[in-house]
Amino acid sequence: MKRFLSILMVFLMLVTFATGCGTTDGDNGDAGDNGDNGDAVVEEPGRLILVTTTSTYDSGLLDYLLPFFEEEHNYEVDVVSLGTGAALEQGQNGDADVALVHAKATELEMVEAGHFVDRIDVMYNDFVVVGPAEDPAGVKESADIKEAFAKIAESGSEFISRGDDSGTHKKELELWTLSEVANEGDWYVNAGVGMGDTLVMADEKLGYTLTDRATYLSMAETLELEIVFEGDESLFNQYGIMAVNPENWPDVNYDGAKLLIEFMGSEEGQNLISEFKPYGDTLFFPNAE
Amino acid sequence: MMNEILKIKGLKKSYGKRTVLSVKELSIEKGSVMAIIGPSGAGKSTLLRIINRLETPSAGEIVYFGDTKLTDQSGNIELQRKMTMVFQKPTLLDRSVYDNIAFGLKARKFEKVEIEKRVISALQTIGLLELKDQKARTLSGGEAQRVAFARALVLDPEIILLDEPTANLDPANVGMLEALIRKINLEKGTTVVIVTHNLLQAKRLATHVAFFYDGNLLEYGDMHRVLDDPIKDKTRDFVEGRMIY
Amino acid sequence: MLLEFWDAIKLLSNLDSGLAEIVLLTIYVSGSAVLLAALLGIPAGTWLGMQKQGKVKGLTRLVYTLMGLPPVVGGLIIYLLIRRQGLLGTFGFLYTPTAMIMAQFLLATPIVIGMTSVAVRSKGKNIHETLVSLGARKGLILRSIIWEARYGILGAVIAGFGRVVAEVGAVMMVGGNIEGKTRVMTTTIVLETRKGNFDFALALGLILLIVSFIFNVILYQIQQGGASDDE
């Protein structure tokens, strides 16, 4: 029995060795643990931390886009997705290298204050108003967003606000100001949740809400909500990318951040963005200058 | 035999294939003090627990008071209330000493006045009147066992079952409790069944003795007859101190 | 970190009414859930603890497993039950405090049952036999055993409260974190953290701890009082 076991052991070792060599002879150095490839120059990939908003991340754009950049520049980009407020705070505190968000006014303020540098416009997507198919507030007939919001407020149908200080929430507040209707009362539901949860809530409560098109389309199958208003220019949502100011935080990867900003603004990057069509249509429209 | 308060026939208790107790026949007379003796693991406690209906026998029957035959565990609160048991390790409730002793009487819905009378009297008997309002958990081992006795006595049971009741106590407490056992037996005619591994205690208290060995009842009868002139060799070995256990 | 704590304490000193509302709702929701869990869980746990261990092995394991039920899963179950297409959809529970109580009840009950059964089992057998021997009927035995195991049962209730007051997944899902209606402390903390208001989130965390502490003190007092007026 003992003898049989030792023969078996030797046999297994031979097999392992043989397959091991086979791999090393192959086309990459991943299995080069026996020193054969020791002198091959494989540069350590650079590491870059990108903060972005939850909705951007959930759209799947970055999963599609970043591999092109990573391949080209030998970089690994770690994406941290947070609410807009937290994302900017993270960058401001030097806990990230580069930020991709969609709150242009705030972004410009932050650049002005010296927290970020090298900001460029990257692309825009649009927001849509969704609501029950029966459209009890009659939003579908509105001429512009101002009228659409006013009708919701007058009808007493519930409007679900994300209420989380996110880019979408900020946009919504801008639109209420624009409409000159007070967003107060029992019909105005201030839910402090993400876009997906807000859509589910609007669906359950037969209410209206403002959403980015990507998140709505990704969930459309499970929802009874329909797009009841779209296309107004004030519903466009500008995305910008900017680097954390290396003068404040010398340890940030400013070179990497600059490379990524250049990539996003390049012809290649812009083309890739317009070709991102997970639900059939372009979701983000590139507009870098 | 007249006046059998307990009659046990063909009683068996097994766990799986292992039989831990087997009693072909055992009668206990009303008013007697029956000592159940034998080495550890002889099944003595199991017998007591079956009599007190804490365990169900696997086979056989017990006739209580000459008329109530019970082999199963179905509730018979009337029967249960005619007997009570004192365990080797007393389990007192986390209440006052008074409440512990009054528990069984309250369960039987006695008048408050009667409860107080009996509890106070029992407290005097065990010499713990001054501790009546103390938490039971503050008592020493000996005090706790005396309270457990008092708790049983106030119920005026017809049968009192004692499972090694003085095994862990100091001589003073042992003396007091033995005197108490004798007293209730003589004054109230309470039948006592006491499990003990202490031969001297059996001699001091018992009118009758039953000797158990390895789960089997080997012999029983008058105390002097069994202890002074045993029939079985095993009994003789035990009585004469040659059995190592 | 120290600086953030200082900011947090400064924030606490000017509580506004919105914050008070959130704290009160938290106490209302988690308190109700634990009260209901105790009403069901203490008798059930006592029963479980008094059964022969072999007989209820499967059931015991089930309860222990449910004690670790992730809050979001508990929330999801309740959500599926009360959404419009759900079994209880017609009652309109979704996004109400009632829904949050239901979800937290689901999370707290296994803890109360499990820990009660352990407390009862550790006391149970000797007490049970003693009480049978003293001629007590089943009802009295049950009540007495619950009383004897009261410290352990109290611990079970505190643990249940601790779990639900600290969870966020379930209440977020079925409550929706609606301002002034279903916003409790944990969901506010998540929201404020996402907004980047770390000071405020930390301040809320402190209040949550204080609420928990007060709850513990009160329960402990109740139990001490109960022990002394034992007639």
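Residues are numbered from 1 along each chain as its sequence is written, while chains are lettered from A and ligands numbered from 1 in the order in which they are written. Because the model is predicted, local features need pLDDT of at least 70 and side-chain atom pairs count only at pLDDT 80 or more, whereas totals for chains, interfaces and linings use all residues.

**View 1. Chain C as a helical chain.** Chain C has ten helices and zero strands, and its pattern along the sequence is α-α-α-α-α-α-α-α-α-α. Helices (H or I, at least four residues) and strands (E, at least two) are DSSP runs, numbered from the N terminus. Of the 231 residues in chain C, 44% are buried. A residue is buried if 20 or more other C-beta atoms lie within 10 Å of its own, exposed if 12 or fewer, and partly exposed in between, with C-beta atoms placed from the backbone. Among contacts in chain C with a separation of 6 or more, 78% join residues 24 or more positions apart. Two residues are in contact if their C-beta atoms, placed from the backbone, lie within 7 Å.

**View 2. Confidence along chain C.** The pLDDT, which is the predictor's confidence in each residue from 0 to 100, averages 87 in chain C, and 89% of the residues score at least 70. Confidence in chain C is lowest in helix H1 (residues 2–13), at a mean of 65, and highest in helix H3 (residues 57–67), at 95. Residues 227–231 of chain C have a pLDDT below 50, and this stretch has two contacts in the model beyond near neighbours in sequence. Where pLDDT is low, the predicted coordinates should not be read in detail. For the model, ipTM is 0.89 and pTM is 0.75.

**View 3. The surroundings of C:His128.** C:His128 lies in helix H5 (residues 97–133) of chain C. This residue is buried because 21 other C-beta atoms lie within 10 Å. Not counting residues up to four places away in sequence, C:His128 touches C:Met50, C:Ile141 and C:Ile145. C:Val29 is 99 residues from C:His128 in sequence, and the two are 36 Å apart in space, C-alpha to C-alpha.

**View 4. Packing of H5(C) against H6(C).** H5(C) packs with helix H6 (residues 138–148) of chain C at an angle of about 140°, and their axes are 9 Å apart. Axes are lines fitted to C-alpha atoms, for helices over the stretch in contact, and angles run from 0 to 180 degrees between N-to-C directions. H5(C) and H6(C) are therefore oblique to each other. Residues of H5(C), including C:Ile127, C:His128 and C:Leu131, meet residues of H6(C), among them C:Ile141 and C:Ile145. By class, this contact of H5(C) with H6(C) has six nonpolar, three polar and two charged residues.

**View 5. The side of chain C that touches chain B.** Here 14 residues of chain C are in contact with 18 residues of chain B. H5 and H6 of chain C each supply at least two residues of this side, and H5(C) gives the most, with six residues.

**View 6. The side of chain C that touches chain A.** In this view 16 residues of chain C are in contact with 18 residues of chain A. Helix H9 (residues 185–195) of chain C gives the most to this side, with five residues.

Note on methods
Parallel < 35°, antiparallel > 145°, perpendicular 65-115°, else oblique. Nonpolar A, V, L, I, M, F, W, Y, C, P; charged D, E, K, R; others polar.
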